[in-house]
Amino acid sequence: MDSVFFYRNPNPDASGNGPLGHLSIATQPNISIAGWPAEAGSHALAGYTALEDASVAARLRKKGANLCGATRMSEFGFGLKNSLAAQAVQKGDANAELVLDLAGECRLAALHEGLCGYKPSYGLVSRYGLIGLIPSMEACGIIARDCKTIRDILEAVAGPDEYDFSVPEDAPVSFSTQGIDPEKISLGVIEEARSALSDEDRVIFDARTQTLKKAGFTIKTLPFPDFSLFSLVHRIVGSVEASSCLGRYDSVRYGKRVPGAKNWNEMYLQSRGAAFGPLLKSYLFQGAYFQFEQFSGYEDACRIRARLLSEMEQLTTQADFLILPAVNSASIHAPNTTESLDDTYAKVFHTAFTNVTGQPAFYLPFEGNKGVQLAGPRLSDARLLALGEHIQNMQQRGQ
Amino acid sequence: MRFTERVFCGQLTPDHLGKTVQLAGWVDAYRDHGGLLFIHLRDRSGIIQIVVSPDVAQEDVCLRAATLRAEYCVAVAGEVRKRVNGTENPNIDTGSIEVMVSDLKILSESEALPFAISDKAMVAGAASAGAEQVAEDLRLQYRYLDIRRPSMRDNLMARHRIFQCVREFLDSKGFVEVETPVLTMSTPEGARDYLVPSRVHPQNFYALPQSPQLFKQLLMIGGMERYFQLARCFRDEDLRPNRQPEFTQLDLEASFIDEEFLYELIEELTVRMFAVGGIALPRPFARMTHAEAMEKTGSDRPDLRFGLHFVDVTNVFSRTNYSIFRQILQRGGCIKGINIKGQSESLSKNVLQNEYAREIAPSFGAKGMTWMRAEGGKLESNIVQYFSDQELDELKQRFDVQDGDVLIMVADPSYAVVTSALGHLRLHLADRLGLIPENCFYPVWITDFPLFEATDAGGVTSSHHPFTAPDRVDFDPKNIEELLSLRSRAYDLVMNGEELGGGSIRINNRDVQRKIFAALGLTEEEMKEKFGFFLRAFDFGAPPHGGLALGMDRTVSMILQTPSIREVIAFPKNRSAGCPLTGAPSEVKREQLAELGLLNLGGEETLPGDSHRENIVDRLSWVSRIGISEAERPVMEKVLSQASELSALARQRAGDMTPIHSAVPVTNRLRPGTQENRSPLAQSGQLLKTAPSIKGDYFKVTAVLE
């Protein structure tokens with residue numbers, strides 16, 4: 001691929017006015033911006049041009065931000081194969097980038113480039129105008145070099161939207177600076193997340209917690225025996241929602257139609273067969289299996305999800321925030337080889353849980369890609385970002 | 001009130017003026033003019049306005065009348081009088097008179113209706129509500145109400161009259177109506193049978209007849225000479241818009257006759273049936289051989305109401321430099337085309353290239369379509385430069401080209417592809433360009449069908465059924481090429497592109513019949529097993545005979561010009577082969593299955609024909625409408641085996657909490673201050689802009705649903 005950008009805005013609309021006037025923000029082509037191609041990385045939307053602005057895009061523009069272009073992305077944002085997310089920010093072509101976080105993609109893309117990657121609480125940022133895949137788990141994430149930029153952008157895009165009923169009417173809209181006193185803050189380490197690391201990764205992770213302990217934070221080890229079930233729940237529920245969600249790509253309203261079909265069913269079969277790439281097709285078949293063959297498996301996963309949510313609520317009363325590794329570095333190999341569902345889910349083992357629960361989480365870089373993941377209770381975004389800012393400042397001071 | 005003295009609403013005329021009549025029927029509509037009540041009373045014969053006035057009727061009658069609602073069943077008595085000048089209603093036959101009610105009895109009340117039944121306006125000039133807007137499944141669910149509607153009632157009564165006409169005519173010609181069994185053996189029609197399990201013989205099945213074919217031939221051998229039956233037949237085929245799982249056919253057979261007898265008979269019968277609907281058919285009916293029909297229209301049921309006949313231009317291009325044509329001709333192919341006279345204004349380059357050549361022709365199986373438009377004495381197209389002047393001149397001559405004409409041509413190595421694709425294009429163009437005249441009926445006999453068709457396995461199969469007589473009997477049953485050149489003594493009656501029926505002269509010589517079976521590759525054993533009882537009958541002096549079957553639902557539908565055959569059937573199945581009224585087909589109790597010995601049918605073995613459905617990859621590919629290639633199959637198999645493991649794990653760890661479907665409980669909210677409106681994106685046409693194919697204001701899809 002010759003460029004990080006799938007599409008560049010030929011008429012940069014930076015007014016320079018407004019609180020975000022200094023920011024150039026990249027998006028991905030699954031965020032509708034009127035007149036921009038929005039293929040969401042899929043043949044299912046080949047040639048599709050967005051008709052109106054997503055709420056996030058409209059809000060950013062209103063605050064003066066320059067939407068500079070859309071970067072290349074994986075098919076419907078699932079996994080990071082073929083994704084060049086975060087590279088525009090890394091190369092200085094943009095100050096920030098919006099990346100849909102379905103299972104941790106935003107955070108892991110940031111990790112690859114040593115940047116901050118933030119997934120807000122579910123229901124904080126409107127998804128109206130986003131071309132989604134897993135409606136109950138996905139959130140519009142933000143990648144930037146520093147937490148302050150993320151905070152500014154989040155403040156611009158968060159809050160109720162009459163077009164997205166998953167954003168409650170009382171969703172917070174203020175993210176002003178909050179003082180962080182390390183002495184009064186406890187960080188919980190989920191033991192099962194830590195022990196899933198390779199020895200090498202674990203040494204690095206432990207060094208991070210040591211640094212924070214030295215800075216005055218209280219570090220607590222918390223058991224969560226069911227932690228590995230997050231991945232299971234995500235994989236089952238996500239595939240069912242994806243299969244249902246992508247039902248609309250029928251080569252009637254958008255996308256490409258394979259010519260020569262003799263009847264509707266043939267048209268659907270052929271066009272949809274050609275529309276989806278191998279990874280997504282596997283995911284959709286798995287989803288169809290649970291929808292049409294084994295619906296009880298889906299219901300079981302939803303039962304487990306209920307239990308995990310209540311266990312997580314319990315856990316977050318024992319520590320102010322959670323600190324976890326972001327990835328098992330063994331699971332990351334060359335990003336452009338063929339990926340299976342197993343590979344994809346191995347990569348998001350440490351990140352997908354917040355998509356299941358709707359908690360905010362972000363990747364905070366330490367020495368580039370050897371950073372950590374921080375998470376808080378749902379809608380604790382303001383404090384979580386303040387914590388991130390505090391730690392980043394700490395790093396800059398060389399502590 | 002005595003029903004013996006009842007007269008029918010629709011039969012009241014000014015002759016009844018001043019007389020007191022007894023009526024009974026349903027309240028079609030009513031209007032209350034402050035104590036003066038106007039009611040449309042409807043029975044099978046029509047509608048009469050009845051008036052309840054306190055000046056004429058007793059108080060108790062007025063009070064009862066005030067409770068009337070639509071579709072109450074009532075009986076009334078009253079005097080017929082002329083309507084006041086200026087209040088006549090030309091929408092109903094009895095519009096000049098009305099009945100002043102003196103007595104009224106409510107026979108039965110009606111609940112609120114699922115849809116409006118009345119389709120006659122009470123006031124002259126007012127719009128009448130049609131039931132056409134009502135969802136068909138709702139109409140079928142309340143078919144008994146639907147039948148009260150005059151248009152359905154008229155359809156059923158016209159159907160009755162057409163059937164009566166058939167019976168009377170055939171009776172006059174010496175035909176005898178004989179019933180044949182419905183519980184029978186599978187017959188060789190080739191469609192799927194409906195099976196009925198036998199309780200007395202567990203795990204044995206009757207088949208419902210696809211037609212009474214064997215029985216009517218046995219009746220001929222039985223010496224009945226002329227037989228007919230309005231027979232109910234059953235075929236378990238995939239549904240098409242105008243197909244029913246059970247249907248009625250006029251089945252007839254006669255001995256000691258030839259084709260001409262049947263043509264004469266059926267033409268006269270068809271003319272009489274269409275006359276019931278006020279349609280005068282021209283006689284004699286045209287005749288066309290199967291080969292000519294294919295050659296000219298690409299269809300064995302040609303619609304001859306319009307021209308657009310094919311012209312073969314294969315030899316125009318025998319030395320062409322145009323490589324696509326040259327390659328096709330080198331492979332033994334052919335090139336045929338149609339001159340669409342004077343339509344160049346309707347068929348722009350854009351329409352021809354982007355719609356027809358790129359989309360429509362490929363959807364009909366053609367690999368491509370060539371078009372040319374005649375302008376200023378020349379042929380123009382995107383590829384005209386590849387042709388020599390001589391070729392273009394020859395084309396102009398062959399197609400008799402004048403300015404404003406449009407030529408389309410299809411070339412393919414396969415004759416079948418060329419004729420089929422061009423045949424579909426012919427119909428598509430005629431429809432699009434409005435070339436089909438209204439109220440025109442063009443009956444045609446299609447004759448000289450091929451007796452056999454080639455099978456993929458290198459053998460032959462019967463085009464109709466194996467009892468059809470061949471045009472000659474001196475053939476070698478082993479010589480495939482010769483077999484394929486045989487014509488049958490079969491004929492189809494086709495009208496306006498629809499096959500109304502067909503039949504043949506049958507084989508009555510057992511040696512010929514054995515030769516046909518041998519040609520089909522059946523051994524002596526197999527013949528015995530399949531048709532033993534039938535062949536045995538031919539050992540006892542079978543007369544020469546032949547016959548025909550006419551699809552009566554389709555014929556009646558065509559005579560009455562209804563949009564679907566369901567409009568002429570009292571209780572039809574819907575498009576999913578179900579009956580919304582009764583709920584058939586339905587599950588049955590296990591005890592019933594046990595009684596029939598069906599519980600463990602097939603045992604552990606996979607049932608025949610079940611293997612496709614058993615393949616989970618194919619099934620999921622189908623239900624989620626995602627095609628997969630053979631190369632992808634192993635990946636999907638692995639995905640599904642993993643999915644089953646995931647499912648097992650989830651079951652193991654499920655616990656007992658209530659399932660949730662989101663991290664945040666979903667609440668419904670209103671958008672205050674907003675009103676329903678058509679999306680501005682739809683209004684401006686922007687929604688359609690990124691669609692793969694559109695037509696006007698609509699998304700365009702493949703024409704056939706199935």
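A crossing of two helices is left-handed if the near helix is turned anticlockwise from the far one by less than a right angle, and right-handed if clockwise. I noted that down before opening the structure.

**Getting oriented.** I am looking at a predicted model, where local features need pLDDT of at least 70, side-chain atom pairs count only at pLDDT 80 or more, and totals for chains, interfaces and linings use all residues. Residues are numbered from 1 along each chain as its sequence is written, while chains are lettered from A and ligands numbered from 1 in the order in which they are written.

**Entry 1: chain A overall.** I counted secondary structure in chain A and found 13 helices and eleven strands. Here helices (H or I, at least four residues) and strands (E, at least two) are DSSP runs, numbered from the N terminus. Chain A has 399 residues, and 59% of them are buried. A residue is buried if 20 or more other C-beta atoms lie within 10 Å of its own, exposed if 12 or fewer, and partly exposed in between, with C-beta atoms placed from the backbone. I also checked contacts, meaning residue pairs whose C-beta atoms, placed from the backbone, lie within 7 Å. In chain A, of the contacts between residues at least 6 apart in sequence, 75% join residues at least 24 apart.

**Entry 2: helices 7 and 10 of chain A.** At what angle do helix 7 and helix 10 of chain A pack? I read about 135 degrees, with the axes 9 Å apart. Axes are lines fitted to C-alpha atoms, for helices over the stretch in contact, and angles run from 0 to 180 degrees between N-to-C directions. Angles under 35 degrees count as roughly parallel, over 145 as roughly antiparallel, 65 to 115 as roughly perpendicular and the rest as oblique. Helix 7 and helix 10 of chain A are therefore oblique to each other. The crossing of helix 7 of chain A with helix 10 of chain A is left-handed. Among the residues that meet there are Leu229(A), Phe230(A) and Val233(A) from helix 7, and Tyr298(A), Ala301(A) and Leu308(A) from helix 10. By class, this contact has twelve nonpolar, one polar and one charged residues. For these classes, Ala, Val, Leu, Ile, Met, Phe, Trp, Tyr, Cys and Pro count as nonpolar, Asp, Glu, Lys and Arg as charged, and the others, Gly among them, as polar.

**Entry 3: strand 5 of chain A.** Next I followed strand 5 (residues 116-119) of chain A, where Cys116(A) and Tyr118(A) point one way, Gly117(A) and Lys119(A) point the other way, and all are buried. Two strands pair if DSSP finds at least two bridges between them. Strand 5 of chain A runs antiparallel to strand 6 (residues 139-144) of chain A, with three bridges joining them, and I found Cys116(A) opposite Ala144(A). Strand 5 of chain A also pairs with strand 10 (residues 361-364) of chain A, again antiparallel over three bridges. In that pairing, Gly117(A) stands opposite Tyr363(A).

**Entry 4: where the chains touch.** The contact between the chains takes 62 residues from chain A and 48 from chain B. On the chain A side, helix 7 (229-245), helix 8 (264-275), helix 9 (278-293) and helix 10 (295-315) are the elements that give two or more residues. That side divides into 29 nonpolar, 19 polar and 14 charged residues. I then picked out helix 9 of chain A and helix 18 (residues 616-623) of chain B, which pack at about 90 degrees with their axes 10 Å apart. That angle makes helix 9 of chain A roughly perpendicular to helix 18 of chain B.

**Entry 5: chain B.** Chain B has 20 helices and 24 strands, and 31% of its 706 residues count as buried. I found an open sheet of eight strands in the order 6-9-10-22-21-20-17-11, with mixed pairing. Strand 6 (176-177) and strand 11 (286-289) of chain B each have a single partner strand, so one side of each is left without a neighbour in the sheet. Within chain B, strand 20 (residues 490-495) and strand 21 (residues 498-505) pair antiparallel over six bridges, with Asp492(B) opposite Gly502(B). Helix 5 (residues 213-221) of chain B lies across strand 9, strand 10 and strand 22 of chain B, at about 25 degrees to strand 10.

Terms used: Contact = placed C-beta atoms within 7 Å.
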